[in-house]
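Subject: Structure for you to look through

Hello,

Here is the structure I said I would pass on. Please open it and keep it beside this message while you read.

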Amino acid sequence: MLEVTGLCKRYWPAPDEPASQPSAPRWLAHQLSLQVAAGETVAVLGASGSGKSTLLAMLAGLEAPEAGTVCVDGDDVTHWPPERRRFALMFQDFALFPHLTVQDNVAFARIEQGCRKAQARQEAVAMLARFGLADRALSPVTQLSGGEQQRVALARALLSAPRLLLLDEPFSALDADLRQQLRLDFSAHIRSAGMACVLVTHDEAEARAMGQRGYRLVGGQLQALW
Amino acid sequence: MSVGPRALLALPLLFLAGLVVAPLVRLVWEGLVPGSGAWAALSLAGGEPLTLWGVWQDPHLRFRLLWSLAQAGISTGLTLLLGLPVAWVLARYRFAGREWALRLLMLPFVVPTLVAALGVLALWGPSGVWSGALGLSLEDSPALLLVGNLFFNLCLVVRAGVDALAQVSASRLAAARTLGATPWRAFWRVEWPAIRLPVASALCLVFLYCFAGMGLALVLGGQRWATAEVEIYTLVAHELRLADASVLALWTLVLGGSVTAVYAVLANRLAHPRRADGVLPRPATRPHQRVVVVVALGVLGMVSVAPLVGTVGWALADVPALWRVWTAPDTLAALWNTLRFSAMALAVATVLGVCQGLAVFHWNQRPEISRNGDFSDSKDSFIKKRQSRFFLFFLFDKLIASRSGPPARLGVLVRASTLLPFVVSPVVVAFGLLLLYPGHTASLWLLVAAYALLAYPFVGQHVAHALDAMPPQWQQAARTLGASPWRVFWRVTLPLMVPALRRGMAFAAATALGEFAVSLFLSRPEWTTLTTLIYQHLGRPGADNLHAAHALSLLLMLLALGVFLLLDAAGAATVPPRASKGPHA
């Protein structure tokens with residue numbers, strides 16, 4: 001169970017930004033609170049620059065909030081480094097490591113958890129098989145299509161057995177048909193893994209298809225949509 | 001900033017302080033303040049000390065300075081006249097061998113200066129192939145030096161032109177054509193305005209290299225057409241007029257610095273993201289298109305390949321003699337010295353370069369992240385960094401535009417410090433070291449340190465460039481997957497950095513192998529390297545010595561070619577950062 005309470009973060013425009021930009025700081029998160037139960041997916045909608053990605057970065061531990069707390073299963077993880085939180089973040093551009101094969105990308109987290117490389121690779125191949133990608137295990141990730149890369153990124157996140165899955169516009173780089181197909185595929189995988197999930201997107205159809213609850217991020221605060 | 005990056009940075013900064021900043025301060029002091037150490041040496045040599053303005057009243061020294069400026073200016077103009085059309089053809093037409101031609105443009109970046117000089121002599125010297133065939137000797141004429149300058153710098157302008165032309169908006173060009181512009185008018189009204197700044201900044205670099213280079217001027221200019229850099233060497237090594245040399249060096253610093261300032265202004269206007277709709281080259285299918293391709297390749301071949309072929313031809317003209325030269329004890333000793341000095345310099349340069357590259361990356365990264373609190377907010381800056389056409393462009397752009405507080409500006413200054421060895425010519429560096437450390441002028445540590453000084457910025461720049469180009473998401477993803485910062489470095493950053501590191505090391509090795517000016521100033525007689533041995537043979541009369549010089553030049557070229565292949569193996573089909581070739585020593 002994820003519990004976010006009173007999270008605050010401001011955006012400070014740089015002095016050399018164009019004059020059309022407002023010069024005063026702007027709230028990306030202002031007393032923002034959110035709860036996500038295990039097995040639940042919460043969608044956060046918002047315009048570009050509204051602070052969706054920053055919200056995920058704060059949850060992942062990549063950014064420090066100015067105020068507020070992030071708790072998971074009773075642990076206050078607000079000041080924990082990212083590697084200790086065990087929250088998997090899926091990036092818009094997948095962020096697969098280009099110097100590693102598909103299986104080594106998927107096995108990355110297991111090796112960090114102390115698993116032996118051979119064992120981690122076996123688990124990775126098994127996970128890839130669930131996504132229909134076992135035959136691509138030894139391929140360089142750069143040779144995969146966009147949809148395949150997306151599934152590898154999810155397989156990598158799931159194999160790390162995260163306590164929370166964070167999805168940052170996961171389908172924005174894909175074409176419409178593939179996006180629709182992968183939404184269903186992803187939802188099924190996430191549900192079967194039984195983990196809490198926060199999805200940020202600017203696509204309302206995507207948010208409604210995947211999220212049991214939906215919010216809009218405006219002025220640093222969440223407005224319930226459904 | 002954490003302690004780690006500070007510690008990483010301390011080593012290269014101390015190195016720079018001891019080997020560039022302090023010698024320069026000493027040099028300026030010698031030039032400006034009468035009565036310091038060098039003036040005492042002057043009294044040994046006799047003669048009146050020069051004042052700062054006295055250089056311009058002395059006809060001999062005034063000519064040296066004016067000729068340095070003139071030959072650099074003429075060479076710059078020639079590279080523009082020849083280079084721009086060649087760049088246009090390479091950028092706009094696709095043909096068999098185009099990739100090889102683009103790779104060939106890197107050749108002058110790794111060929112030692114003396115090899116190029118020998119190549120020019122092989123074609124246009126007293127017994128040169130072309131001068132013999134045409135009955136036109138360029139000996140004792142300024143044209144020899146200009147041809148040498150063209151060899152090195154044509155490729156730089158062509159490469160800059162190709163890159164810039166690839167960025168011209170295809171849709172704007174198409175719009176111009178549909179609005180009635182002929183190809184020439186479209187070039188003049190759409191392409192030229194888009195490429196003139198990058199081309200102008202490349203020309204600034206060409207001017208700097210021609211102005212501050214020594215090796216070519218020493219071999220090709222002779223006594224009559226020697227430049228200010230050669231004159232500094234002559235004053236120090238042959239006439240012991242250290243004070244006069246200091247004043248002259250001061251003026252070369254001032255003049256070179258002025259051109260660097262112009263370059264900085266241009267660079268500030270150049271850091272723009274790469275266009276997504278750049279013009280793609282089209283097949284050269286029509287006869288006139290094929291003709292221009294052949295002409296462009298012909299120009300490139302005559303200027304940048306023929307001199308190398310010429311020196312190979314000279315060396316192979318007498319194979320038994322070549323073998324005798326290669327196996328002579330002094331050649332083997334010189335080869336050993338070249339290899340060991342280069343290897344030692346490369347080891348030092350790698351450590352320094354990696355430290356600097358990592359430190360400036362961390363230093364530069366932190367203020368942006370902490371200020372805006374969002375990696376994505378620094379995206380624009382990241383794109384600017386990644387897309388900067390020239391490394392210096394980014395630096396000056398950040399230096400001038402950065403108003404996000406002292407840490408960011410300091411980071412840019414720290415990064416800019418890497419380029420000090422490029423801005424200051426090797427002659428000035430070596431002379432400054434001679435003045436500052438007179439008791440260590442023939443010590444191995446100073447020689448290797450000076451080699452490393454000229455080589456390490458290649459490593460630092462390539463590493464920093466690779467780190468700049470690395471999307472932050474990769475490190476972030478690794479952190480969220482459970483990797484600690486050290487593990488992120490070990491498993492993600494380092495493996496992705498290795499190709500750039502190899503490339504930087506290859507350039508550093510090429511620089512060390514071909515180093516000439518520093519060796520002349522700081523070496524002992526028993527530390528003769530291949531470059532100084534070539535120079536010794538050139539200074540002796542007779543055809544045998546000239547052939548020996550060519551034979552040694554071929555040996556040096558083969559070593560350099562090995563480095564070139566190493567580069568190629570690293571997948572470096574791209575040109576090195578533009579500022580990465582310092583003045584040709």
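Predicted model: local features only at pLDDT ≥ 70, side-chain atom pairs only at ≥ 80, totals over all residues.

Four strands of chain A form an open sheet in the order S2-S1-S4-S5, and their pairing is antiparallel. The edges are taken by strand S2 (26-36) and strand S5 (75-76) of chain A; each has a single partner strand, so one side of each has no neighbour in the sheet. Helix H1 (residues 52-60) of chain A packs on this sheet, where it touches S1, S2 and strand S4 (67-72) of chain A. The direction of H1 makes about 60 degrees with that of S2(A). Strand S1 (residues 2-11) of chain A runs antiparallel to S2(A), and seven bridges join the two. To find the pairing on screen, look for Val4(A), which stands opposite Leu34(A) in S2(A). As background, strands of a sheet pair through backbone hydrogen bonds, and the pairing is either parallel or antiparallel.

Two helices

Helix H6 (residues 176-193) of chain A has 18 residues, which at 1.5 Å a residue should span 26 Å; its end C-alpha atoms are 26 Å apart, so the two values agree. Which residues of H6(A) are buried? They include Arg179(A), Phe186(A) and Ile190(A). An α-helix has 3.6 residues a turn, so residues three or four places apart point the same way. The cover over the buried residues of H6(A) includes strand S3 (41-45), helix H5 (146-159), strand S7 (164-168) and strand S8 (196-201) of chain A. After H6(A) comes Gly194(A), with a positive phi near 70 degrees.

Helix H15 (residues 287-316) of chain B falls short of a straight helix: it has 30 residues, and its end C-alpha atoms are only 38 Å apart, where 44 Å would be reached at 1.5 Å a residue. H15(B) bends by about 50 degrees at Val305(B). A proline, Pro307(B), follows within four residues of that point.

Two loop residues with positive phi

Arg86(A) is not a glycine, yet its phi is positive, near 60 degrees. Arg86(A) sits in the loop between helix H2 (82-85) and strand S6 (87-90) of chain A. Arg86(A) counts as partly exposed because it has 19 C-beta neighbours inside 10 Å.

Phe94(A), also a residue other than glycine, has a positive phi near 75 degrees. Its place is the loop between S6 and helix H3 (102-112) of chain A. Phe94(A) has 22 other C-beta atoms within 10 Å, so it is buried.

Regards

Definitions and conventions:
Residues numbered from 1 in each chain as written. Chains lettered and ligands numbered in written order. Expected span 1.5 Å × (residues − 1). Bend = angle between axes of the 7 residues up to and from the residue. Buried ≥ 20, exposed ≤ 12 C-beta atoms within 10 Å, placed from the backbone. Contact = placed C-beta atoms within 7 Å. Pairing = 2+ DSSP bridges. Axes fitted to C-alpha atoms, helices over the stretch in contact; angles between N-to-C directions.
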